[in-house]
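Open the model in a viewer and keep the selection panel at hand. The stops below say what to select next and what is there.

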Amino acid sequence: MPTVHDWINNPLGVVDGLFAQSNSSPDWEKKVVEYFKEKLKLNDAHTWVPSLNDVPLHYLKPNSLVKFRCMVQDMFDPEFFLGVYETNDPTSNSKQVKCGKYKDVTEGGQVDFNSRNTVTSERQTFYCVPIPGESQWNSYAGTNQARVVPSTSYVPNRHKRSYEEDDEMDMQPQQMKDVSQGAQSSAESHGNTEPKRQETEAPSHDSSPSHCTSSLDLNFPLPGEKGPACLVKVYENWDSFKLNDMLEVFGILSVDPALSVIADEREASSLLDPTEGMETVEEQRVHSPPASLVPRLHMLYAQPLAHNNPLLPSSATENNGEHKTSLLRIYLSSDLGELASVRAELLTYLTHVLMGDSLAAEYLILHLISNVYSRRDVLPLGKFTLNLSGCPHSSPYTEHLYKVIQQLVPSSYRLCMSLHNMNNQRMVPRKDYTANRLVSGTLQLASNTSLFLDETQLEQGQLDATGVRNITALGNLISWQKVDYDFNYHQMEFSCNINVLITSEGRSLLPSDSQVHLRPTLNPPNLEEYLSAVQVAQVPSQLNKYRIYLSVARALNYTISDEITKAVEEDFVEMRKDDPQNMSAEDLHRLLVVARLLSLSHGQNTLSRDGWMKAKQLEALRISRTPQQKCVNGNEP
Amino acid sequence: LSPPSQRSRAHDTSTELQPMPTSPAMDVSLFSSPMSEVDASSPLMYGTPSSRVEGTPRSGIRGTPARQRADLGSVRKAPQVDMHSEPVSENAVAGSEQGAGQRLVIWGTDVNVGTCKEKFQRFLQQFTDPSSREEENAGLDLNEPLYMQKLDEISVVGEPVLNVNCSHIQTFDADLYRQLICYPQEVIPTFDMAVNELFFDRFPDSVLEHQIQVRPYSALKTRNMRALNPEDIDQLITISGMVIRTSQLIPEMQEAFFRCQVCAFNTRVEVDRGRIAEPAVCRNCNTTHSMALMHNRSAFSDKQMIKLQESPEDMPAGQTPHTTVVYAHNDLVDKVQPGDRINITGTTCSSSKLWSRHTACLLFSSGIYRAAPMRLNPRQSQVKSVYKTHIDAIHFRKTDEKRLHGLDEDGEQKLFTKERVAVLKELAAKPDVYERLSSALAPSIYEHEDIKKGILLQLFGGTRKDFTQTGRGNFRAEVNILLCGDPGTSKSQLLQYVYNLVPRGQYTSGKGSSAVGLTAYVMKDPETRQLVLQTGALVLSDNGICCIDEFDKMSDSTRSVLHEVMEQQTLSIAKAGIICQLNARTSVLAAANPVESQWNPKKTTIENIQLPHTLLSRFDLIFLMLDPQDEAYDRRLAHHLVSLYYQSEEQIEEEHLDMAVLKDYIAFARTSVHPRLSEEASQALIEAYVDMRKIGSGRGMVSAYPRQLESLIRLAEAHAKVRFSSKVESIDVEEAKRLHREALKQSATDPRTGFVDISILTTGMSATARKRKEEVAQALKKLIQSKGKTPAMKYQQLFDDLRGQSEAAITKDMFDEALRALADEDYLTVTGKTVRLL
């Protein structure tokens, strides 16, 4: 029985062992997957596995088991590989059957391609990036730091910096030295690793060969993102994964330098062989980047993530219903009193942040827990795009507001809708046929990411073609929760689930489900100081409570009883009688969403009569506040 | 010097013995030396340079050079094996050789060359397909052997390519078909041999550029790109996809020409798996290392790399499309352009090139879907354990090419399984299928039954009729629908739904689209400096539905392009030297908001949405989506909406199933049902039309125009399609009438009189309004006459007089109009401020 260290440090040994036992019966593949699944299930063993997110690549042992929390950014073509092959050892003239699964290159001796034992198998490659827009607090480093990677010289207390925390601007030379020394020593203590392996964090390192320049675009959806991108090789059920899925991948790390294509060798070879030119240099660069920058990960097992909140267990999506309720029970001790108190505290906090506007704070909570829970033909249900109008222009207020939201949600992104940004930013992902990859855009985001659109930054001026396309894309995103990716010859629709919050001075030019006009009751003399004071006042444990609360409330189940349905119907008919102009089907849609979110925010699984009345009150308050603007025609700008 | 790609065989008179060219194998029973030196009489040995003797006319199988079949890949020098010594598969071929106690097949296959050839010749000589509907067979006598006629054609046209439909082979000889699919690399050359023998038997004197090549197509094993797997390697497959990139032409060496530097002795070496074995010793003078490669005398063939991407329709949601590399050879090069949708028949294969520099490792050499392990690391004996795969194209078939010429939809015909068809037919047999389908349409949108029914009929469309012979052109079969009404009545949602439902749908918003975006524009390719026509939404949705939201916000110039599209179904472009007419047989589903944000019931449709009546009259149905404001309706609406929010997952699943069924149902009906009017239906239509005309004539208005009759026919045909009926019957006409009347009732009611008045839509003015105009003109005439014989009068004064005389208020516009009317009668002329009588 291999020890823990064996299956983490040398998973390929386990694979080979199982393969050898199987006597080439095909069920060994299943056995391998089962074996690792079992191992990972056992008393939190998965927490022992080092994570690619937190540990710099050069501290990880090649061919060891690692995990990676990521989003599927692109899917490459399936590839055929040598599943089983036979090698010829010229010296001893002995033949050996080997398994090629979970490996990039063959090993030992010359491969006999004419062998009858050769089995060609198929696998799929996904290009994965860290989940875009993860907030700083949401670094697993915090929870994982204690776990030392076994048998490497990785000393965690010396290298606390993880990718997310790493601010490359103030990287001090001293620190640099430290790191490279660390790398050096780790390499030394590890005879079999390549001593020349690159520092991922310091691409300017001059010892790098020609190809390892910073020109390699890792294709992150958001500008300024950092972290390891990874080519994940998937061996089974690849159809079950979708683009933009969040995954936690457990796999075997492969950084064999043989994988990196060296530019000059390529040139030489393509002279000899023109047909090799079918792959352009760009394509080559994208599909086989240097392993030191983009490691390969051979997937043994992947867990789809329903959320990326590190404070909650990364729940499997199986046994949905009970699981969610039990979550609530465990993490909020189901005691409604406490839940109510967390909600009240959060409300107070947000009220302070919104300068004393409790109604806006109430709506902000509803927005933060909204979630597209289902789609009826083209209609996404449960989305709740909020437009906070009346935000002060020309002050960094929106920036602070974003910081507050960033503190609360696992992943978020602030998009300044300045003319420059609108005209220049690539929002919609586009297929680049030369490099044969999907060039990412700002709107390629994982589920439940908070997108903060800052319209106060928008000034008058000319939108060009890109700008119009971007505005249309944002409009589509808000109305239908989908993004049409540009495949040059056609468009392809990808549905998404992104919470959009728009801050603007007047009513936003983008559509929204609900508009709340900010009405500050406080007027602090120094807005900035005031806001930082409010934020500082929140202790981390308090913030953690809020974070858990928001994630749990979003995941709750919800039903409406027949009785309440009747009551709602009655109510609607009544309201229509009173004022048919102001109570359309659309208003009812909104009311139902508000009622749903309001109930969930109170931890209730069903709509109560009380909840319905509250929702109506809330809506009435909100509408009374909006400047009378009967503009539903869309004729306005 | 001739360019290197030119074949140089013809110049070569030194007839050297050569290794076998592309022949897949040798039949040992026929030839004693299977492997190397040439027996010139071998049928496999087509195209030795020696076969071309200068001076003699080029004819007969010997005289015609073979062209190497690069599409079949590198030569597999496979020995034939004796069936008894090697346990090869079950289906041993019962060939003529059997009697000799030997059954010889090509190594690794169960193909016996002789038998296979015989079978194929029999197929060519005997196969008939009386029910063929293929375009290519037009003009052929369907009761005669099909392929023999094609051979006749080859002898006339001189294009030495024989396209063979694989399904024909399958119906003729299933075993042969299986062999073709499984061992294309061996079987196709055998076919080539067979067909050439046959051809030159029949036409011994014909001269062809090269020997005939057989191009099988539409192998029944049509694959989605996603479904390709390792088992398909080296098999004949047909897949469909979209070309996304084509490479430059690559000259590929087929045969290297070496000349001895010392004695000028020439020799040729064939390229074997991408490798040329340079002769180390000259065979003539025995000098070592004296052979030099002569580029301009080597033989090259054309090759092109094409990237094919899965067509968007085949894609599962949420995944990115796959791509595949295709190699086109010789005359298939430059046959396709990026953006084309094609069906390609080819063999998947592994390119042998990539690994040949290192360890010799033959993998899957021939054929069709190929894979090769990727580059080796030169310093180690390691192999990157991944294969490169590509498809060698044997046949291309553009699926959208036909759309340019004809009304053919089978290019995009979805293949339905028998079970699926049975399910659909069962559904069609239900008496309430029409209601069922219309309620399955956009279930999240409440009520609006008639609108949904209208859209349903639009989805099915009428039957195409061709009157080009009589000069009338095509009749429009597509139904156009306009939805207008209050904001917030889920018009956009309905449009989105339709856009998602149909495969070739386009969604644009009037606000954001320009005329160029809708039609097409000419672009110069920065690389090739070639002018390229980029098509817009209307052309892209040919045979589909173009959904245009916010129709009212469209600029006039943009809207004007719709005139042609909506009646003639074509789009003319004259730009940057490109003058052309593109097909745009698209149905238009448009949504418009009233100008004053709320529908004004006191105004006509035209006044409410301010669209030109010329455009409106092109819509078959115009619906108003109004908020009904009725308690019972509200209650049902509320129930519907609330239930949306708590329905369980399973119920939602069920509806998704419905959407899939609906999609298939529509696709099936569109491609396979073509209803024609029955006698009874035509009578009903005539009656309906006469009735419609009668309604108006009683009150002095015209209430129907031929366009309305055409609409009725289309709607009736669409309704027959819903029933999967090949005949339009009177119930179809009834429903068409009802729907048409409903739509008219909503949109063409004169708010002043309450009557339906079609002229609101056709002329933009109701009959009452016209009547009043007439009256003013008459009053003015009377006034002028009463003034006696004054040849000229002042404009202003006349206006004042008229106003003073008339009881109703007369605006300046009305006065001007009356003057114009009288001027048209040649009663007077207006010059500046004076009015002159004539």
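**Stop 1: a parallel sheet in chain B**

In chain B, select the open sheet of 5 strands, ordered 17-20-23-16-24 with parallel pairing; strands pair if DSSP finds at least two bridges between them. Helices (H or I, at least four residues) and strands (E, at least two) are DSSP runs, numbered from the N terminus. The edges are strand 17 (505-509) and strand 24 (621-625) of chain B, each pairing on one side only. On average, neighbouring strands of this sheet are turned by 15 degrees against each other, direction ignored.

This is a predicted model, in which local features need pLDDT of at least 70 and side-chain atom pairs count only at pLDDT 80 or more, while totals for chains, interfaces and linings use all residues. Residues are numbered from 1 along each chain as its sequence is written, chains are lettered from A and ligands numbered from 1 in the order in which they are written, and side-chain values use heavy atoms, with hydrogens and water left out.

Next, select strand 16 (residues 481-485) and strand 23 (residues 587-592) of chain B, which run parallel and are joined by 4 bridges. Which residue in strand 23 of chain B does B:Cys484 stand opposite? The residue is B:Ala592.

Axes are lines fitted to C-alpha atoms, for helices over the stretch in contact, and angles run from 0 to 180 degrees between N-to-C directions. Contact means heavy atoms within 4.5 Å.

**Stop 2: a helix pair in chain B**

Select helix 2 (residues 113-126) and helix 6 (residues 184-202) of chain B, whose axes come within 9 Å and cross at roughly 55 degrees. Helix 2 and helix 6 of chain B are therefore oblique to each other; angles under 35 degrees count as roughly parallel, over 145 as roughly antiparallel, 65 to 115 as roughly perpendicular and the rest as oblique. Show side chains for the contact: among the residues that meet are B:Phe120 and B:Leu124 in helix 2 of chain B, and B:Phe191 and B:Leu198 in helix 6 of chain B. By class, this contact has 10 nonpolar, 3 polar and 2 charged residues. Ala, Val, Leu, Ile, Met, Phe, Trp, Tyr, Cys and Pro count as nonpolar, Asp, Glu, Lys and Arg as charged, and the others, Gly among them, as polar.

**Stop 3: an antiparallel sheet in chain B**

Move to the open sheet of 3 strands in chain B, ordered 27-29-28 with antiparallel pairing. Strand 27 (792-794) and strand 28 (828-831) of chain B are its edge strands. The twist averages 25 degrees from one strand to the next. Strand 27 and strand 29 (residues 834-837) of chain B pair over 3 bridges, and B:Lys794 has B:Thr834 as its bridge partner in strand 29 of chain B. Helix 25 (residues 795-805) of chain B lies across strand 27 and strand 29, at about 75 degrees to strand 27 of chain B.

**Stop 4: chain A**

Select helix 17 (residues 585-601) and helix 18 (residues 609-625) of chain A, whose axes come within 9 Å and cross at roughly 120 degrees. These helices of chain A, helix 17 and helix 18, are therefore oblique to each other.

Finish with A:Lys383 and A:Asp513, whose side chains meet in a salt bridge (2.9 Å, N to O). The two residues lie in loops of chain A, 130 residues apart. A salt bridge is a side-chain nitrogen of Lys or Arg within 4 Å of a carboxyl oxygen of Asp or Glu.
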